[in-house]
Amino acid sequence: MRYIEPHAHMVSRTTDDYEAIVLAGCKAVCEPAFWAGFDRGSGEGFRDYFAQLTEHEPKRAAKYLLPHYCWLCINPKESENLALADEVLSLIPEFLDRPGVLGIGEIGLNRNSRNEVAVFEKHVDLAACHNQLILVHTPHLEDKRKGTHIILDILKNDNRIDPSRVLIDHVEEHTVGMVLDAGFWGGITLYPESKCTPARAIDILEHHAGGNLWMNCACDWGHSDPLAVPKTCLEMRRRGHDKDEIDHLVFQNPVRFLSQSPHFIVPS
Amino acid sequence: MQRSKVLDLYFVDARSRLIDIAAFLDRVERAEGDDDYRVRTFREALRALVAEGNGSKRAERVLMVFSDPTLEPVELAEGKAATGTWRRAEG
């Protein structure tokens with residue numbers, strides 16, 4: 001089995017995890033910029049983080065023969081600080097031409113506040129001005145439905161944005177329909193407790209067969225599983241899905257979306 | 001997939017999760033203090049789970065019970081973490 005892990009925060013993981021995902025068939029890993037678990041104090045802290053994502057982490061992955069890509073942004077969890085957000089937004093263009101950079105992400109909303117909305121709109125503008133792909137984080141738990149509505153309204157009202165170049169991540173049963181109906185890609189995140197179990201993810205896929213969807217583990221420094229995608233593939237086999245269907249979902253679909261970035265090289 | 005196959009794959013797991021929910025409610029009731037908005041919404045979600053109609057969209061119905069139904073952004077984020085259920089203004 002081959003797969004692409006389209007969303008993993010590998011800077012928070014050990015090298016053992018790199019070895020495990022490669023042994024499970026991972027052919028490329030994509031790392032969106034994320035919240036560190038604490039608020040960074042300055043734009044320079046982000047410059048170091050972007051250097052880590054674009055220089056250091058690809059080297060760490062290469063030791064396991066794994067291509068590493070990344071997305072850049074300031075995470076919505078840090079968007080209440082508008083001055084810091086503006087400083088970070090001004091840094092991002094310096095990094096966009098680096099080889100592994102796929103676009104702007106994971107941007108979006110966390111608690112659906114006005115400042116988060118303002119910073120999200122600035123990221124969307126940045127992506128539009130630099131013709132970048134966009135990866136969107138939708139909020140957690142009770143905030144997801146509302147946040148997804150607000151995000152989709154902003155994107156649909158910007159005529160520079162092509163929905164086929166935007167992936168809305170962390171969809172669940174109550175948001176997947178509105179994402180796909182509007183022409184965006186959807187990401188299903190396999191996460192203990194706060195997102196989808198493998199069984200629910202496969203239910204969603206069966207309801208939306210043929211949709212522009214991918215699956216990811218979104219592993220980070222919290223309770224998460226870097227092998228969630230291959231484990232869900234095994235669950236799909238148990239439910240009678242054939243190898244071609246699974247390959248389409250976990251390899252060909254990510255390739256189709258990510259190949260819209262000139263920096264993405266289809267893994268052999 | 002045949003219904004019998006679904007049951008073969010998932011019945012024991014679902015049974016276990018259902019008993020966990022029952023035990024959770026027992027645990028809450030045994031503890032000192034009053035219910036808060038989370039327990040009240042949890043009970044509402046259980047009613048949505050067993051309600052008839054709306055096709056078989058039980059997972060979606062339960063998610064909607066826990067969801068903030070408003071559409072206007074809030075003035076300021078109250079902390080970084082969601083609690084799991086929207087807190088209605090309660091009289």
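1. The model is predicted; local features need pLDDT of at least 70, side-chain atom pairs count only at pLDDT 80 or more, and totals for chains, interfaces and linings use all residues. Residues are numbered from 1 along each chain as its sequence is written, while chains are lettered from A and ligands numbered from 1 in the order in which they are written.

2. In chain A, eight strands build an open sheet with parallel pairing, in the order 1-2-3-4-5-6-7-8. Helices (H or I, at least four residues) and strands (E, at least two) are DSSP runs numbered from the N terminus, and two strands pair if DSSP finds at least two bridges between them. Strand 1 (3–5) and strand 8 (213–216) of chain A each have a single partner strand, so one side of each lacks a neighbour in the sheet. On average, neighbouring strands are turned by 25° against each other, direction ignored.

3. Strand 5 of chain A is largely enclosed by the rest of the structure, because five of its five residues are buried (20 or more other C-beta atoms within 10 Å of the residue's own, with C-beta atoms placed from the backbone). A:L133, A:L135 and A:H137 point one way from this strand, and A:I134 and A:V136 the other way.

4. Strand 5 of chain A runs parallel to strand 4 of chain A, joined by four bridges; A:G103 stands opposite A:L133. The chain passes from strand 4 through helix 4 to strand 5 of chain A in a right-handed β-α-β crossover (with the strands pointing away from the viewer, the path from the first strand over the helix to the second runs clockwise). Strand 5, helix 5 (residues 144–156) and strand 6 of chain A also make a right-handed β-α-β unit.

5. The axes of helix 3 (residues 82–91) and helix 4 of chain A come within 11 Å and cross at roughly 10°; axes are lines fitted to C-alpha atoms, for helices over the stretch in contact, and angles run from 0 to 180 degrees between N-to-C directions. The two helices of chain A are therefore roughly parallel (angles under 35 degrees). Residues making the contact include A:L82, A:A85 and A:L89 of helix 3 and A:A118 and A:L126 of helix 4 of chain A.

6. The contact between the chains takes 27 residues from chain A and 23 residues from chain B, where two residues are in contact if their C-beta atoms, placed from the backbone, lie within 7 Å. On the chain B side, helix 3 of chain B gives the largest share, five residues.

Note on methods: Parallel < 35°, antiparallel > 145°, perpendicular 65-115°, else oblique. Buried ≥ 20, exposed ≤ 12 C-beta atoms within 10 Å, placed from the backbone.
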